Amino acid sequence: MNEQRKVSREVSRVWEVEARPANGPHLRVGQVLPPGNWTEFDPFLMMAEDWFQQGTFDFHPHRGIETVTYVLEGKLKHEDNHGGMGILGPGDVQWMTAGRGLIHSEDPLPGETVHSFQLWVNLPAGEKMTEPRYQDLQSADMPIREENGARIRVFSGTSGGVSAATRNVVPVTFIEIEMDAGATVTQQLPGSYNGFVYVMEGKARIGADETEGNARHVLWLAASGDASDSEVTIRADEPLRALLVAGQPLREPVVAYGPFVMNTKEQILQAYEDYQSGKFGKV
Ligand code: FE
């Protein structure tokens, strides 16, 4: 590792997210990070943008991952089989560590359409069976970095001098960026992180190569080589709303099956056995 070198990240790949009709109360879904790209997206498994109503995500289990839910619109009721219950509103984020397992539902209140993002963060082999926990990050308490026409809400990690209190198993920087046209911001990232920018609204030039990003574009950041430190520069050409997500890759085998993500097929079979024999607890 080259100690002092800092790399200004470029963009290696761009794709557009298409929101497609789903089934019944699941109105639409866009795959921001399509599942199956374990090595490229490491430590992230997938990210979806959903529009849904009551009855879409009824009680289901998880093991071996964290799910991070960011609600943009509507009220989402969350309930699990360990007595946890809460309602997420617009601007709120829930960081759920499923660990060894829980059963939960994610259900819009009656009559509500929820528009949200859900990111799945992988857990390292040694932490997959950790105790489940939740961190509810209320919109009103979210740390904010404000400077030169930019307003950055810090869900996890650090932006400028502003840090979130969110506890990570795998180090992750997750920020939402709002910028005025003409503004420029720079976000620091450890050189080892994999990550991306998702443009929700507006238009920007992203990275050292000033790749154009428009609404619904994912801009995957190029690796920084052997640099220990890096940064990403974002220049807004139009009023911008974007997410930047980056994290420390695990470089471990991934075996994913439905809501369980483990390191081996045997561990997946064990997860089903544990679920079916009631080891995740009762609903
Ligand atoms: Fe879930």
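A word on the model: it is predicted, so local features need pLDDT of at least 70 and side-chain atom pairs count only at pLDDT 80 or more, while totals for chains, interfaces and linings use all residues. Residues are numbered from 1 along each chain as its sequence is written, and side-chain values use heavy atoms, with hydrogens and water left out.

Another open sheet of seven strands has the order 3-4-5-12-7-10-13, with antiparallel pairing. Its edges are strand 3 (19-21) and strand 13 (133-137), each with a single partner strand, so one side of each has no neighbour in the sheet.

| Strand pair | Bridges | A bridge partner pair |
|---|---|---|
| Strand 20 (residues 194-201) and strand 25 (residues 240-247) | Seven | Tyr198 and Leu243 |
| Strand 3 and strand 4 | Three | Pro21 and Arg28 |

**The iron site**

Four protein donors hold positions 2.1 to 2.5 Å from the iron ion: His60 (NE2), His62 (NE2), His104 (NE2) and Glu106 (OE). Donors are N, O and S atoms within 2.8 Å of the metal (3.2 Å for Na, K and Ca); water is not among the atoms, so sites may look incomplete. Along the chain, the donors follow the spacing H-x1-H-x41-H-x1-E. His62 sits in strand 6 (residues 57-62) and Glu106 in strand 11 (residues 102-108), so this pair ties together parts 44 residues apart in sequence. Both His62 and Glu106 are buried, meaning under 20% relative accessible area (1.4 Å probe, protein chains only).

**The lining of the largest pocket**

Which strand gives the most to the lining of the largest pocket? That is strand 5, with five residues. Strand 4 (26-33), strand 5 (44-52), strand 6 and strand 12 (114-122) each supply at least two residues of this lining.

How values were computed: Helix = DSSP H or I, 4+ residues; strand = E, 2+ residues; numbered from the N terminus. Buried < 20%, exposed > 50% of the residue type's maximum accessible area, 1.4 Å probe, protein only. Pairing = 2+ DSSP bridges.
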